[in-house]
Amino acid sequence: MEALFEPLRMGELRLANRIAMAPMTRSRADADDAPDALHVRYYSQRADAGLIIAEGTYPSVHGKGYCRTPGIATPVQIAAWDRVNASIAGQGGASRVLQLMHVGRAASRYNKPEGAETLAPSAIAAHGSLYSDSQGMVPMEVPRALETSEVAGVIDEYRQAALNARAAGFDGVELHCSSGYLPMQFLLACSNQRGDAYGGSLTRRIRFVVETLEAMAGAIGAGRVGLRICPGNPYNDMQDDDPLATYGALLDAVDPLGLAYLQVSRSPQPGLDAFALARRHFRGALILNDGFDGASAAQAIAAGQGDAVSFARHFIGNPDLVSRLRAGQPLAGFDRATLYTPGARGFTDYPVYAAAVEVQS
Ligand code: PHB
């Protein structure tokens, strides 16, 4: 287990240990799409992580697609995130990164504020549905294809969001380029049929992601910017015939930027080793994700597969995950039914180990 508890420097980020809290949509933002006192508590409870990557947060209202997800676009949202960060810092302090998540076509108008549009590289809907508070399950809608002249504006929203995140006390930001959201929609031909500089060849399909990372890095420094990928992830109706080629080319273009880290999720495609692919094409720090327990995480780090491991599910039911792993205590499960429901239940009410044992005895 010792490998998990070594400190780590990634760009400008300093981690006290190799355990990261993976970004998780929990759908509890308030009426202003801002985090509230519950988020202050939720994240502070988990402040002994080496790194907290806060939940997917929209850079502009057009990037919102699910209900009750937060933004980092208004003064109210910035002030609210600042309260979260001040509290985490006061607890001793995980490093803090905000995941910037623009869903593109993976959206419904029923989850968007007035005046927000569903925008994507091409007017191709994702087959599937998502939940809205007002309508229940609704199909994801046909997006409007961005005009060539509009793409720079979308990239600028990410640049501004990176600055806003810094103003809100985050140490950095992560570009969400997985799960069939906007950056991944540019990356793959299934959702990108553009004939301009942002579509067609693979070189053109990776351009949006590279320019967005350049804009974010230009604003706050490359050493404060991370990227998240999951090669071959079919979520939200994505299809990639050659993930090795797609992500090899992407990472070759991204590597010279000198980003703080790459967070890479295990590929669901059999036979595709996304971790090895990432190590081959990216020289910066690697955060491995998906399906680890303490022992396998420590082993992967000791073997040099990655530099840190991010946990999602284990952080839901174990606010004290770091100390449980350190002490070899058993991990609690979590309740699926309250993953995305408003309120404290299933969010801030999971007990730490000592309290859980006390209740049982
Ligand atoms: C994701 O970012 O991968 C994600 C976000 C929200 C969900 C599921 C997956 O409900």
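**Reading the ligand pocket**

Mentor: Start here: the largest pocket has a volume of about 1,200 Å³. A pocket is an open set of 1 Å grid points, over protein atoms alone, with protein on both sides within 12 Å along at least five of seven lines; volume is the space filled by probe spheres on points joined across faces, edges and corners. This is a predicted model, where local features need pLDDT of at least 70 and side-chain atom pairs 80 or more, while totals for chains, interfaces and linings use all residues. Numbering runs from 1 along each chain as its sequence is written, and side-chain values use heavy atoms, without hydrogens or water.

Trainee: How many residues line the largest pocket, and which lie nearest its centre?

Mentor: Lining means an atom within 4 Å of a point. Here 47 residues qualify, with Pro 23, Thr 25, Ser 179, Tyr 235 and Tyr 340 nearest the centre. The lining splits into 22 nonpolar, 17 polar and 8 charged; Tyr counts as nonpolar and Gly as polar, with Asp, Glu, Lys and Arg charged.

Trainee: Where does the ligand sit?

Mentor: In the largest pocket, judged by more than half of its atoms lying within 2 Å of the grid points.

Trainee: Which residues are around the ligand?

Mentor: Take heavy atoms within 4 Å, and you get Thr 25, Tyr 66, His 176, Ser 179, Tyr 181, Tyr 235 and Tyr 340. That shell has 4 nonpolar, 3 polar and no charged residues.

Trainee: How many cavities of 30 Å³ or more does the search find?

Mentor: Cavities are sets of points where a 1.4 Å probe fits but cannot get out. The search finds 1, of about 40 Å³, and its lining includes Tyr 66, Lys 64 and Met 101.
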